[in-house]
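Please examine the sequence and coordinates shown below before turning to the questions.

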Amino acid sequence: MKSNTVKYVLAEGAKAPSYQTAGAAGADICAHVSEEMVIGAGDFALVPTGVFLEIPAGFEVQVRPRSGLAAKFGVTVLNAPGTIDSDYRGEVKVILVNHGKNAFVVKNGDRIAQLVVAAVVQADFCAVPSLSESERGSGGFGSTGVRG
């Protein structure tokens, strides 16, 4: 059985990722900024966290939005969910985008995203001359309808 222990190192003054409740799937991660960052309406920014992870082989860490930021301010993670691969050792940074109507200020220590640890399976990709038929076929982008 694989270990799901994610090791971390913190920059001076940074906060460790933490689960806010016993049933939480995501651990909140906080901004680690020396001065406030302003993300204008319609803009995005790369926000440092001061967190460096060692993720065990066979796992990834997904960077996901916090629902409260989205609901209250229109702020979310631009590439949600972002993926941190097990062989990455650099600082975790979060790409926040402001879909809101007002500028959003990121302060040091603000909870800006959540991290979800997930098992990964690497597939064997195999070139073949043709693919099998399916009921859906090549239909995509709304081909199954918008409403029930």
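The following questions and answers concern a predicted model.

Q: What is the geometry of the aromatic pair found in a search of the whole structure: stacked, edge-to-face or tilted?
A: The search finds one aromatic pair. The ring centres of Phe73 and Phe104 lie 5.2 Å apart, and their planes stand at 55°. Planes under 30 degrees apart would count as stacked and those over 60 as edge-to-face. The pair is therefore tilted.

Q: Which elements hold Phe73 and Phe104, and how many residues apart are the two?
A: Phe73 belongs to helix H1, residues 67-73, and Phe104 belongs to strand E9, residues 104-106. The pair thus links distant parts of the chain, helix H1 and strand E9, with a sequence separation of 31 residues.

Q: Which strands stand at the edges of the open sheet of four strands?
A: The sheet runs in the order E1-E4-E8-E6 with antiparallel pairing. An edge strand here has a single partner, so one of its sides is left without a neighbour in the sheet. This applies to E1 (7-10) and E6 (75-77).

Q: By what angle are neighbouring strands of this sheet turned against each other on average?
A: The sheet in question is the open one ordered E1-E4-E8-E6. With direction ignored, the average angle between its neighbouring strands is 45°.

Q: What is the bridge partner of Thr76 in E8?
A: E6 and strand E8, residues 91-98, pair in the antiparallel sense over three bridges. In E8, the partner of Thr76 is Val97.

Q: How many bridges join E10 to strand E2, and how many join E10 to strand E5?
A: Strand E10 covers residues 111-119 and pairs with E2, residues 27-30, in the antiparallel sense. Ala27 has Leu115 as its bridge partner in E10, while Val61 has Val117 there. The pairing of E2 with E10 has four bridges, and the antiparallel pairing of E5 (residues 59-64) with E10 has six.

Q: Is Asn98 buried or exposed, and what is its relative accessible area?
A: Asn98 lies in strand E8. Leaving aside residues up to four places away in sequence, Asn98 touches residues including Ile39, Asp43, Phe73 and Phe104. Asn98 is buried, with a relative accessible area of 0%.

Q: Which backbone atom of Gly100 does the side chain of Asn98 reach, and at what distance?
A: A polar contact requires N or O atoms within 3.5 Å. A polar side-chain atom of Asn98 lies 2.8 Å from the backbone oxygen of Asn102. In Gly100, the side chain of Asn98 reaches the backbone nitrogen, at 2.8 Å.

Q: How far apart in space are Ile95 and Val63, C-alpha to C-alpha?
A: Ile95 is found in strand E8 and is partly exposed at 27% relative accessibility. Ile95 and Val63 are 32 residues apart in sequence. In space, their C-alpha separation is 9.4 Å.

Methods
Residues are numbered from 1 along each chain as its sequence is written. This is a predicted model: local features need pLDDT of at least 70, side-chain atom pairs count only at pLDDT 80 or more; totals for chains, interfaces and linings use all residues. Side-chain values use heavy atoms; hydrogens and water are left out. Rings of Phe, Tyr and Trp (its six-membered ring) pair if their centres lie within 6.5 Å; planes under 30 degrees apart count as stacked, over 60 as edge-to-face and the rest as tilted. Two strands pair if DSSP finds at least two bridges between them. Axes are lines fitted to C-alpha atoms, for helices over the stretch in contact, and angles run from 0 to 180 degrees between N-to-C directions. Buried means under 20% relative accessible area, exposed over 50%, partly exposed in between (1.4 Å probe, protein chains only). A polar contact is a pair of N or O atoms within 3.5 Å; within protein, one must be able to donate a hydrogen and the other to accept it, and residues adjacent in sequence count only if both atoms are side-chain atoms. Contact means heavy atoms within 4.5 Å.
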